Amino acid sequence: NLDNVRLMLYMINDYFYRIDGVAQVEETINNEAFIALLVNSVVDKYAADVHFKYDPKRLMSQFYPPISTMNVFTNFILKKLELFKKQEPSKTLVIDMLNKAFGLVKAITTLLVNGFETEAFTTWRTMHELEATLIVLTKYGQNVINGYLEHMHYADAFNKVLPPEECDRVFVDIKSEMKAMALKSKDTKRFIEYGWLRYVPDIDKFSLKLNFRDGMETIAELQDYNKMYQMASEVNHSSPLLIYSRRDYFALVTILNLYDSFFRLEKVFRIAYFSLLSDQEKHHYDQVRSL
């Protein structure tokens, strides 16, 4: 039994992809060789998708309560985030980070449902880095946010996104700041990524190091996740742990850490979101949150 809609969608998309940029469209679409190539390609794709589809024997489905519950609330939050302006870093940095963080939640549940447990776990690692950044920024306020934005500008210069004369000027500032911190040229990338942490009040009490585990994660008070972060890093860097891991173990470890991170991110979101709500909307949000 043919799935006619699926077959036609393959045909339509392949057709427009193949004629995009073609100079002689009429001549091409009436060419028998083109038609044969298009039809054969579509039939192969349809067969591969419907009849010969690879299924990695999924451990979880979209109906598994920890997944379905997470998806409900994440969808709710992502819809509410549409109320905010975005992509203006000087004004919307925290909102932009929240939007990406909850997008990663969706990515993780999608990977779990499709049988990619280790990939879900390494995506949690990225999300964990983002949540640590958000916790530090929102805890210590505008001065630290300004420092983060400054280092975003430093990163643009490092990656040569800026005009050459602007890059030169920025690197003068970078070298000056690094000299004040007694850093060497080999520390440039780490300084650009984590040097903004120097704006955290009373930073000396943290014994600042320019990395994630001993710097960012510690300042965010998430050091209890050191071992999880290290394990995710090993998986991410194609160690034997990636190849010979137990799928059920990483599925459950990912779910547990995902929920921990989600609850912390939701607290940050709730503070930002509530500033725009009426009392009735706040009540509605709290009802959903409680459920």
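This note goes through a few helices and residues of the predicted model.

1. Ground rules. Residues are numbered from 1 along each chain as its sequence is written, and side-chain values use heavy atoms, with hydrogens and water left out. The model is predicted: local features need pLDDT of at least 70, side-chain atom pairs count only at pLDDT 80 or more, and totals for chains, interfaces and linings use all residues.

2. Helix α8. Start with residues 164-180, which form helix α8. (Helices are DSSP runs of H or I, at least four residues, numbered from the N terminus.) Helix α8 has 17 residues and reaches 25 Å from its first C-alpha to its last. That is close to the 24 Å expected at 1.5 Å a residue. (The expected span is 1.5 Å times one less than the number of residues.)

3. Cys 167, Val 170, Ile 174 and Met 178 are the buried residues of α8. They cover an arc of only 80° around the axis, so they lie on the same side of α8. (The arc is that of the directions from the helix axis to the C-beta atoms. Buried means under 20% relative accessible area, exposed over 50%, partly exposed in between, with a 1.4 Å probe and protein chains only.) The buried residues pack against α7 (142-158) and α9 (188-194). (Contact means heavy atoms within 4.5 Å.) On the other side of α8, the exposed residues are Glu 165, Asp 168, Val 172, Lys 175, Lys 179 and Ala 180. Just after α8, Ala 182 has a positive phi of about 60°.

4. Helix α4. This helix covers residues 65-81. Its 17 residues should span 24 Å at 1.5 Å a residue, and the end C-alpha atoms are 24 Å apart, which agrees. Its buried residues include Ile 67, Met 70, Phe 73 and Ile 77. Among the elements that cover the buried residues of α4 are α5 (89-113), α13 and α14 (279-290).

5. Glu 266. Look for Glu 266 in helix α13 (residues 247-274). Glu 266 is buried, with a relative accessible area of 4%. Leaving out residues up to four places away in sequence, Glu 266 touches Phe 73, Ile 77, Phe 102, Tyr 285 and Arg 289.

6. Phe 16. Phe 16 sits in helix α1 (residues 4-19). Phe 16 counts as exposed because its relative accessibility is 52%.

7. Thr 28. Helix α2 (residues 25-29) holds Thr 28. Thr 28 touches Val 22 and Phe 34, not counting residues up to four places away in sequence. The C-alpha atoms of Thr 28 and Glu 166 are separated by 48 Å, and the two residues are 138 apart along the chain.

Methods: Helices (H or I, at least four residues) and strands (E, at least two) are DSSP runs, numbered from the N terminus.
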